[in-house]
Amino acid sequence: MWARHQWIGEPHADEEYRRFGALLRSARVTDVYFHAGPVEADGTVPAAKIGNARALVEAMRRHAPGVRSHAYLGQIRVVEGSGVIDLDDPKVRERVVATDARFLDLGFDGIHYDFEPIFPDDRAFLDLLDRTRALTRARGRLLSAALEQKTLVDGAQRVFDTVAPRTGRVHYPARPTGAFLRAVADRVDQLAIMTYDVQLPTQSLVGLHYARHTEWTLRLVGDRTTVFIGVPTYTPLAGWAETPDVALRGVRRGADALDRPPARPWGVGIYADWTTDSGEWARYRAKWVPDSR
């Protein structure tokens, strides 16, 4: 589950931590990506933004033992001169890794990256993953990353590159190819796919979308890394069609289409804690938890 920045940035009463821990346990959440950024353009996070980080880690250990807490770091990546953080600059990547080390020093179980957009020729991002993995492995911690859903046709990226820019009002989306998805999977312990916000008009099409991307992703990288398929609890643009229930059913259909289960653990990622109400949690437990794999 992706969680809001206030958990790291603001103090909370112990009772609030206790309720949060009970929720995580009842939903069998294994990993929480606590928003710890955004990362500044120079690769740092100001100390004033993370004043409650250590208290959060300690509270999670008391009230949600066994649930892993990750520092979720992201920013708009500079592409074609537009964006905030220039990951092509080696010094910026070094400072991002130094920032990661600060969060690991605070006790977090892992680092979660959500830099966007990431295109399938982004060697700087792969280098950042390599550098971060060296750090997390040395500390016995985890590295995870969020990526967009896979492109429908890998060769289409090269075509789009010739007819449309990567930024601006009219541009083509940053979708990983199969090869890039495998390259990232080989560098991380967990891969979260941002499958949501599909803008399809009917529930049947949305369900098919989730089924296809679940099947494709697990076939491609389910033996290489832990995969979480992103499920929305916010209201997307086509909110009448894309609901948590529809997404969960689609994920199951996709997994059931496999010849065998993936070698690595897999599941869904809830986006996000601040948009999930009690009714949605109840339906999630009813529809997913009893048969979780």
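Rings of Phe, Tyr and Trp (its six-membered ring) pair here if their centres lie within 6.5 Å; planes under 30 degrees apart count as stacked, over 60 as edge-to-face, and the rest as tilted. With that in hand, Trp2, Tyr33, Tyr196, Tyr234, Tyr271 and Trp274 form one aromatic cluster. Keep in mind that this is a predicted model: local features need pLDDT of at least 70, side-chain atom pairs count only at pLDDT 80 or more, and totals for chains, interfaces and linings use all residues. Residues are numbered from 1 along each chain as its sequence is written, and side-chain values use heavy atoms, with hydrogens and water left out.

**Aromatic pairs**
- The structure holds 14 aromatic pairs.
- Tyr113 and Phe115 make a tilted one, because their planes sit at 50° with ring centres 5.3 Å apart.
- Both Tyr113 and Phe115 are buried (under 20% relative accessible area; exposed is over 50%, partly exposed in between, with a 1.4 Å probe and protein chains only).
- Tyr271 and Trp274 have planes at 75° and centres 5.5 Å apart, so they go down as edge-to-face.
- Tyr271 counts as partly exposed at 22% relative accessibility, and so does Trp274 at 41%.

**Charges over rings**
- The charged end of Lys150 sits over the ring of Trp216, 5.6 Å from its centre (the test is NZ of Lys or CZ of Arg within 6 Å of the ring centre and within 35 degrees of the ring normal).
- Arg252 lies over the face of Trp288, 4.3 Å from the ring centre.

**The sheet**
- Eight strands make an open, parallel sheet in the order E1-E2-E3-E4-E5-E6-E7-E8 (strands are DSSP runs of at least two residues, numbered from the N terminus; two of them pair if DSSP finds at least two bridges between them).
- The edges are E1 (2-3) and E8, each pairing on one side only.
- E6 (residues 190-194) and E7 pair in the parallel sense over four bridges, and Gln190 has Thr226 in E7 as its bridge partner.

**Second largest pocket**
- This pocket has about 410 Å³ of space (an open set of points on a 1 Å grid where a 1.4 Å probe fits, with protein on both sides within 12 Å along at least five of seven lines; lining residues have an atom within 4 Å of a point; the volume is the space filled by probe spheres set on the points).
- Of its 25 lining residues, Arg28, Thr30, Phe228, Trp266 and Gly267 are the closest to the centre.
- E8 gives the largest share of the lining, five residues.
- The lining divides into 13 nonpolar, six polar and six charged residues, with Gly counted as polar.
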